[in-house]
Amino acid sequence: VKIDKNYKLHIAGEFVDTEYELYIKELIKKCGLEKNVQFYGLVENIAEWWEDKQYLLSTSISEGMPYNIIEAMAMGIKPVIHDFYDAKELFEPQWLFRTVDEAVQKITSDDYNSAYYRAFVEHRYSLNKQVAEFVKLFQNLTNE
């Protein structure tokens with residue numbers, strides 16, 4: 001917002017902890033960001049929700065298989081991902097950030113390639129590959 005007051009943060013999903021919800025909403029007020037942050041709660045049609053978005057900002061400190069990131073990338077949306085433990089195993093380093101300044105730089109840079117984000121998901125996380133991984137896992141579990 002310091003760079004351009006037109007930036008908006010759109011947040012899909014419900015709060016699972018009332019304490020965090022109260023804290024975050026109060027912080028938004030204290031920072032004067034009420035016009036720049038919008039909460040949507042549970043989104044039934046996430047593909048439709050992504051249609052007018054340009055970036056996915058993931059600030060998670062821990063992830064297993066981050067479907068929110070993969071879904072956004074499949075829609076051609078640029079990922080900006082906190083460098084959580086093992087993030088480099090799942091995503092390319094140019095999409096990872098460690099500081100707020102790094103995240104802002106990635107969002108404001110001209111480097112944007114929707115086709116590449118989608119191709120990355122199609123190549124790395126295709127349904128066929130995911131099914132094959134599950135089959136392999138089940139075979140390993142039944143052999144033990």
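# Notebook: a walk through the predicted chain

**Entry 1, Thr-59.** I started with Thr-59, which I found in the loop between β3 and α3; helices (H or I, at least four residues) and strands (E, at least two) are DSSP runs, numbered from the N terminus. Before going on, I noted that this is a predicted model, where local features need pLDDT of at least 70, side-chain atom pairs count only at pLDDT 80 or more, and totals for chains, interfaces and linings use all residues. Residues are numbered from 1 along each chain as its sequence is written, and side-chain values use heavy atoms, with hydrogens and water left out.

Is Thr-59 buried or exposed? Thr-59 counts as exposed, because its relative accessibility is 54%. For my own reference, buried means under 20% relative accessible area, exposed over 50%, and partly exposed in between (1.4 Å probe, protein chains only). I then looked up what Thr-59 touches, leaving aside neighbours within four places in sequence, and found His-82 and Phe-97; contact means heavy atoms within 4.5 Å. I also checked Thr-59 against Lys-5, 54 residues apart along the chain, and their C-alpha atoms are separated by 21 Å.

I moved to Ser-58, whose place is in strand β3. Ser-58 counts as buried, because its relative accessibility is 4%. Not counting residues up to four places away in sequence, Ser-58 touches Ile-69, Val-80, Ile-81, His-82 and Phe-97.

**Entry 3, the sheet.** Which order do the strands of the open sheet have? I read β3-β4-β5, three strands with parallel pairing. β3 (55-58) and β5 (96-97) stand at the edges, each with a single partner strand, so one side of each has no neighbour in the sheet. Helix α3 (residues 67-74) packs on the sheet, where it touches β3 and β4, and its direction makes about 170 degrees with that of β3; axes are lines fitted to C-alpha atoms, for helices over the stretch in contact, and angles run from 0 to 180 degrees between N-to-C directions.

Next I followed the pairing itself. As a reminder to myself, strands of a sheet pair through backbone hydrogen bonds, either parallel or antiparallel. I counted two strands as paired if DSSP finds at least two bridges between them. β3 pairs with β4 (residues 78-82) in the parallel sense over four bridges. Among the bridge partners in β4, I noted Lys-78 for Tyr-55 and Pro-79 for Leu-56. β4 is mostly covered, with four of its five residues buried.

Past β4, I stopped at Asp-86, which sits in the loop between β4 and α4 (87-90). Most residues other than glycine have a negative phi. Asp-86 is not a glycine, yet its phi is positive, about 75 degrees. Asp-86 counts as partly exposed, because its relative accessibility is 41%.

Where is Glu-14? I found Glu-14 in the loop between β1 (9-12) and α1 (18-30). Glu-14 counts as exposed, because its relative accessibility is 61%. Not counting residues up to four places away in sequence, Glu-14 touches Gly-41 and Leu-42. I also looked up Tyr-40, 26 residues from Glu-14 along the chain, and the two C-alpha atoms are separated by 7.9 Å.

Ile-46 lies in helix α2 (residues 46-50). Ile-46 counts as partly exposed, because its relative accessibility is 28%. Its contacts, not counting residues up to four places away in sequence, are Ala-12 and Glu-71. The C-alpha atoms of Ile-46 and Asn-68, 22 residues apart along the chain, are separated by 9.2 Å.

**Entry 7, the whole chain.** I finished with the overview. I see seven helices and five strands, in the pattern β-α-β-α-β-α-β-α-β-α-α-α along the sequence. The C-alpha atoms fill a box of roughly 55 × 40 × 30 Å, taken along the principal axes. How many residues does the chain have, and what percentage count as buried? There are 144 residues, and 26% of them count as buried. Among contacts between residues at least 6 apart in sequence, 56% join residues at least 24 apart.
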